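Me: I am new to this structure. Please show me how to read its main features, one at a time.

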Amino acid sequence: MKACIEQVQEVTNDSDYRKNIAWEKLISRLYTLEEINQAQEPTLHAIAGSVELIFQTHEHPAVLRNKVTSPGGITAAGLYELEKGGMSTVISNVVLTALNHTQQLSHMS
């Protein structure tokens, strides 16, 4: 990754303005992908821990969420972004679609 960025930066020394803009956008995206890759494993561990806690406590996910979410904290900021992006609606639609499909398949058997 670092070598790729260094090569791109060498090319951006070219005087062609449009080419420089394109390369700068590419570098920006490469950095974003690297950040996503770095966040993936801790995120998966957090999700796994949350699911395990739900099974252990038998509490509703919203109750557990409220127990660990500090106002203005990291979890609150992440939840805000998910809500802003419509994640609750998407998840609800996925669950309802899966339920409906399962019911349809069970009637076919």
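The dialogue below goes from the overall fold to a pocket, a loop residue and charged pairs.

Me: What should I know about the source of the model, before anything else?

Reply: This is a predicted model.

Me: How many helices and strands does the protein chain have?

Reply: The protein chain has 5 helices and 0 strands. Along the sequence, the pattern reads α-α-α-α-α.

Me: What share of the residues is buried?

Reply: Of the 109 residues in the protein chain, 6% are buried. For this, buried means under 20% relative accessible area. The chain exposes about 9200 Å², and carbon and sulfur atoms supply 61% of that area.

Me: Next, pockets. How do I find empty space?

Reply: Rolling a probe the size of a water molecule over the atoms shows where empty space is left. Here, the largest pocket holds about 940 Å³ of space.

Me: Which residues lie nearest the centre of the largest pocket?

Reply: Ser50, Pro61, Arg65, Leu79 and Leu82 do, out of 24 lining residues.

Me: Which helices supply the lining of the largest pocket?

Reply: H2 (17-57), H3 (61-68), H4 (74-84) and H5 (87-108) each give at least two residues. H2 has the largest share, with 8 residues. By class, the lining has 14 nonpolar, 8 polar and 2 charged residues.

Me: Now a backbone detail. Where does histidine 58 lie?

Reply: Look in the loop between H2 and H3. Histidine 58 has a positive phi of about 60 degrees, although it is not a glycine.

Me: Why does histidine 58 count as exposed?

Reply: Exposed means over 50% relative accessible area. Histidine 58 counts as exposed because its relative accessibility is 70%.

Me: Last topic: charged pairs. How many salt bridges are there?

Reply: Side chains of opposite charge can pair when their charged atoms come close. A search of the whole structure finds 2 salt bridges.

Me: Which residue forms a salt bridge with glutamate 59?

Reply: Lysine 67 does, with the closest N and O atoms 2.9 Å apart. Lysine 67 is exposed at 56% relative accessibility. Glutamate 59 is partly exposed, at 25%.

Me: Where do lysine 84 and glutamate 81 lie?

Reply: Both are in helix H4, 3 residues apart, about one turn of the helix. Lysine 84 is exposed, with a relative accessible area of 55%, while glutamate 81 is partly exposed at 44%.

Key: Residues numbered from 1 in each chain as written. Predicted model: local features only at pLDDT ≥ 70, side-chain atom pairs only at ≥ 80, totals over all residues. Heavy atoms only, no water. 1 Å grid on protein atoms, 1.4 Å probe; cavity = no way out; pocket = protein on both sides within 12 Å on 5 of 7 lines; lining within 4 Å. Points joined across faces, edges and corners; volume = space filled by probe spheres on them. Helix = DSSP H or I, 4+ residues; strand = E, 2+ residues; numbered from the N terminus. Nonpolar A, V, L, I, M, F, W, Y, C, P; charged D, E, K, R; others polar. Buried < 20%, exposed > 50% of the residue type's maximum accessible area, 1.4 Å probe, protein only. Areas by Shrake-Rupley, 256 points an atom, 1.4 Å probe, with all protein chains shown as cover. Salt bridge = Lys/Arg side-chain N within 4 Å of Asp/Glu carboxyl O.
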